[in-house]
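The stops below are given in the order in which to select them.

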Amino acid sequence: PRRQTILGHRVPDWWTERLREQGLYRKVLNATGVVRFEDPDGKAWPRLVAPVRAGSELLGTVWVIEGDEAIGADAEQALLEAARIAALHLLRHQATDDLDRRERANLLSALLEGRRPAAEAARVLAVDADRPCAVVAFRLRLDDEVELSAKRARAVDLISVYCEGFRRHAACSWSGDTVYALLPSLDGPTAARVGTLAREIAAHAAGALGVTMAAGV
């Protein structure tokens with residue numbers, strides 16, 4: 001699984017399914033310390049997994065694979081410290097790079113839910129309210145709440161990058177298992193490409209994240 005993950009740039013589906021069946025994702029989500037995983041089939045070496053947290057929010061995980069010698073308690077402590085340092089770096093990155101995106105996401109949610117008037121939202125989002133726009137909804141087909149929580153943030157990042165490249169003032173938000181993207185200032189040719197964009201994003205998410213998406217424009 002380690003080689004396939006590195007060479008394929010994503011965790012293989014069969015390995016993800018095995019970890020889910022054995023409850024590893026749920027254990028990591030609820031863990032305050034290191035979680036140990038041993039493959040009952042003996043096809044993979046034992047692993048230690050440390051959750052990377054900011055308060056109650058799971059930012060990611062750090063994995064260590066056991067070699068020829070068993071991993072001791074000192075290694076578990078080092079792994080916890082590495083996870084703590086990783087959390088600081090991730091939070092610093094989010095604070096500096098994602099603040100504007102988060103503000104736009106909150107405003108878009110309020111707009112779609114009818115809590116903010118369109119004219120006011122358009123002004124704050126720097127969107128021309130007199131030009132056509134589109135909203136694309138991407139539903140993540142994930143039944144497991146733990147996996148949804150872990151992969152939704154990566155899906156939002158992927159969708160945001162695609163949409164901001166398509167329309168500079170695009171905004172993305174999410175609710176439950178669905179990510180919404182607002183694509184503003186569309187003319188005839190760009191409007192005609194929205195469906196193609198949605199298909200490209202869904203295909204990339206399937207390959208890069210192992211997530212199947214249904215998209216509606």
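What follows is a tour of one chain, from the whole fold to single residues.

**Before selecting anything**

This is a predicted model, in which local features need pLDDT of at least 70 and side-chain atom pairs count only at pLDDT 80 or more, while totals for chains, interfaces and linings use all residues. Residues are numbered from 1 along each chain as its sequence is written, and side-chain values use heavy atoms, with hydrogens and water left out.

**The whole chain**

Show the chain as a cartoon. It has 9 helices and 7 strands; helices (H or I, at least four residues) and strands (E, at least two) are DSSP runs, numbered from the N terminus. Along the principal axes, the C-alpha atoms fill a box of roughly 65 × 30 × 25 Å. Of the 217 residues, 35% count as buried. Buried means under 20% relative accessible area, exposed means over 50%, and partly exposed is in between (1.4 Å probe, protein chains only). Contact means heavy atoms within 4.5 Å. Among contacts between residues at least 6 apart in sequence, 54% join residues at least 24 apart.

**The second largest pocket**

Select Pro 1, Arg 2, Arg 3, Gln 4, Gly 42, Lys 43, Ala 44, Trp 45, Arg 47 and Ile 65, which line the second largest pocket. On a 1 Å grid over the protein atoms alone, a pocket is an open set of points with protein on both sides within 12 Å along at least five of seven lines, a cavity is a set of points where a 1.4 Å probe fits but cannot get out, and lining residues have an atom within 4 Å of a point. The pocket holds about 220 Å³ of space; grid points are joined across faces, edges and corners, and a volume is the space filled by probe spheres set on the points. Helix H1 (residues 2-8) gives the largest share of the lining, 3 residues. By class, the lining has 4 nonpolar, 2 polar and 4 charged residues. Here Ala, Val, Leu, Ile, Met, Phe, Trp, Tyr, Cys and Pro count as nonpolar, Asp, Glu, Lys and Arg as charged, and the others, Gly among them, as polar.

Go to Leu 58, in strand S3 (residues 57-65). Leu 58 counts as partly exposed because its relative accessibility is 25%. Leaving aside neighbours within four places in sequence, Leu 58 is in contact with Leu 29, Pro 51, Val 52 and Arg 53. The C-alpha atoms of Leu 58 and Leu 29 are separated by 7.0 Å, although the two are 29 residues apart along the chain.

Now select Gly 55, in the loop between strand S2 (47-54) and S3. Is Gly 55 buried or exposed? Its relative accessibility is 67%, so Gly 55 counts as exposed. Its C-alpha atom is separated by 10.0 Å from that of Ala 87, 32 residues apart along the chain.

**The largest cavity**

Next, select Arg 101, Arg 104, Ala 105, Ser 160, Glu 164, Ala 170, Ala 171 and Cys 172, the lining of the largest cavity. Helix H5 (99-112), H7 and strand S5 (171-175) each give two or more residues to this lining, and H5 has the largest share, 3 residues. The space in the cavity is about 50 Å³. The lining divides into 4 nonpolar, 1 polar and 3 charged residues.

**Helices H7 and H9**

Show helix H7 (residues 145-166) and helix H9 (residues 194-208), whose axes come within 10 Å and cross at roughly 145 degrees. Axes are lines fitted to C-alpha atoms, for helices over the stretch in contact, and angles run from 0 to 180 degrees between N-to-C directions. On the H7 side, the contact includes Arg 154, Leu 158 and Phe 166; on the H9 side, it includes Val 194, Leu 197 and His 204. By class, this contact has 10 nonpolar, 1 polar and 2 charged residues.

Finish with Thr 190, in helix H8. Thr 190 is buried because its relative accessible area is 6%. Beyond neighbours within four places in sequence, Thr 190 is in contact with Phe 166, Arg 167 and Ser 185. Select Ser 185 in turn, in the loop between strand S6 (178-183) and helix H8 (188-192). Phi of Ser 185 is near 55 degrees, a positive value in a residue other than glycine. At 16% relative accessibility, Ser 185 counts as buried.
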